[in-house]
Amino acid sequence: MTSLPHSITRHSGHISRATRERLTGQRALTLWMTGLSASGKSTTAFMLEAHLIARGRLCAVLDGDNLRHGINQNLGFSPDDRRENIRRVAEIARLMNDAGLFIIVSLISPLQADRDMARAIIGANRFLEILISAPLAVCENRDPKHLYAKARAGEIPDFTGISAPYEAPRAPDCVLDTTRLTPDEAAASLETLIQSHQKG
Ligand SMILES: Nc1ncnc2c1ncn2[C@@H]1O[C@H](COP(=O)(O)OP(=O)(O)OP(=O)(O)O)[C@@H](O)[C@H]1O
Ligand SMILES: [Mg+2]
C-alpha cells in the first residue's frame, strides 16, 4: 500500500449510512463471486441482478471481463496485475456500497489472500464470499469462450486451473454448485442469503 501525500485530507459528507439506508430501504452488501472460468459467475451474477431489480432493489454487477474493457484494460494476468485488478474492483464496490447499492462481483479472484484484501477494503460486515462451484472438467467441457482449449494448447499463459492456481474459499458464506442448480435457483438462494443479512 502506497502512503498518501500530506496534502490529502478526507472531507466528510453530511449523510450517514443510516440515513441512506432509510432512503434506499436496504442495507448495502457486496456479494463477491469467485470460481473457475466457466463455473457460472457471470450468468449467476446477472440473473441475481435481474431478480433484485424485479424486487425494486438497487444493485449493480461488477464483472471481471467487462471491467477489463475499461478501468482495468491496462492489466494482465500476472499475480501482481490480478491483485491490482481485485483491489480496484474492491474499491469500486466499496464506493458503490457507500452509495447504497448491492454490488455483485463476478471475478475469478483465484487467491484467498487477494479475496481477503477485498474483504478488508469493503468491510467484513458487508462482504459475502460466494463460491460458484463446478469441477474443472465440467468447466473445461462448457468452455463457452474456448479459453480452456487455448490454454491447453499453450496459447494462454497463467490460465486459472490449468497453468495458474485456484484456491477455493476457506470459509465461504455460500457455495453454489452450478452442475445442480439452474441460474434461477442459484439467484434465488442468493436472494435468501441477502435477506438474512438485512438486519444488524
Ligand atoms: N447454473 C448453471 N447451470 C448450468 N449451466 C450454467 C449455469 N451457470 C452457468 N452455466 C453455463 O456455464 C457457462 C459459463 O458461464 P459463465 O460465462 O457465467 O462463467 P464465468 O464463471 O463467468 O466464466 P469467466 O470467468 O470465464 O467469465 C455458460 O455456458 C453457462 O451457460
Ligand atoms: Mg464471466
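Which residues come nearest to ligand 1? They are Ser37, Ala38, Lys41, Thr43 and Leu181, out of 16 residues around the ligand; a residue is counted there if one of its heavy atoms lies within 4 Å.

Before I go on, some ground rules. This is a predicted model, in which local features need pLDDT of at least 70, side-chain atom pairs count only at pLDDT 80 or more, and totals for chains, interfaces and linings use all residues. Residues are numbered from 1 along each chain as its sequence is written, chains are lettered from A and ligands numbered from 1 in the order in which they are written, and side-chain values use heavy atoms, with hydrogens and water left out.

Back to the ligand. By class, its shell holds six nonpolar, seven polar and three charged residues. Here Ala, Val, Leu, Ile, Met, Phe, Trp, Tyr, Cys and Pro are nonpolar, Asp, Glu, Lys and Arg are charged, and the others, Gly among them, are polar. Helix 2, residues 41-54, gives the most to this shell, with three residues; helices are DSSP runs (H or I, at least four residues), numbered from the N terminus.

Now some distances to oxygen atoms of ligand 1. A polar side-chain atom of threonine 43 lies 2.5 Å from one. For serine 42, a side-chain N or O atom is 2.8 Å away from such an oxygen. With serine 39 the backbone takes part, through an N or O atom at 3.4 Å. Taken alone, ligand 1 exposes 640 Å², and the protein buries 76% of that (Shrake-Rupley method, 1.4 Å probe).

Where does ligand 1 sit? The space it takes is the largest pocket. A pocket is an open set of points on a 1 Å grid over the protein atoms alone, with protein on both sides within 12 Å along at least five of seven lines; a cavity is a set where a 1.4 Å probe fits but cannot get out, and lining residues have an atom within 4 Å of a point. A molecule sits in one if more than half of its atoms lie within 2 Å of its grid points.

The largest pocket has a volume of about 700 Å³. Of its 34 lining residues, Ser37, Ala38, Lys41, Ile108 and Lys145 are closest to its centre. Helix 2 supplies the largest share of that lining, four residues.

Finally, the search finds one cavity of 30 Å³ or more. The largest cavity holds about 70 Å³ of space, and helix 1 gives four residues to its lining, the largest share.

Note on methods
Polar contact = N/O pair within 3.5 Å; in protein donor to acceptor, adjacent residues only side chain to side chain. Helix = DSSP H or I, 4+ residues; strand = E, 2+ residues; numbered from the N terminus. Points joined across faces, edges and corners; volume = space filled by probe spheres on them.
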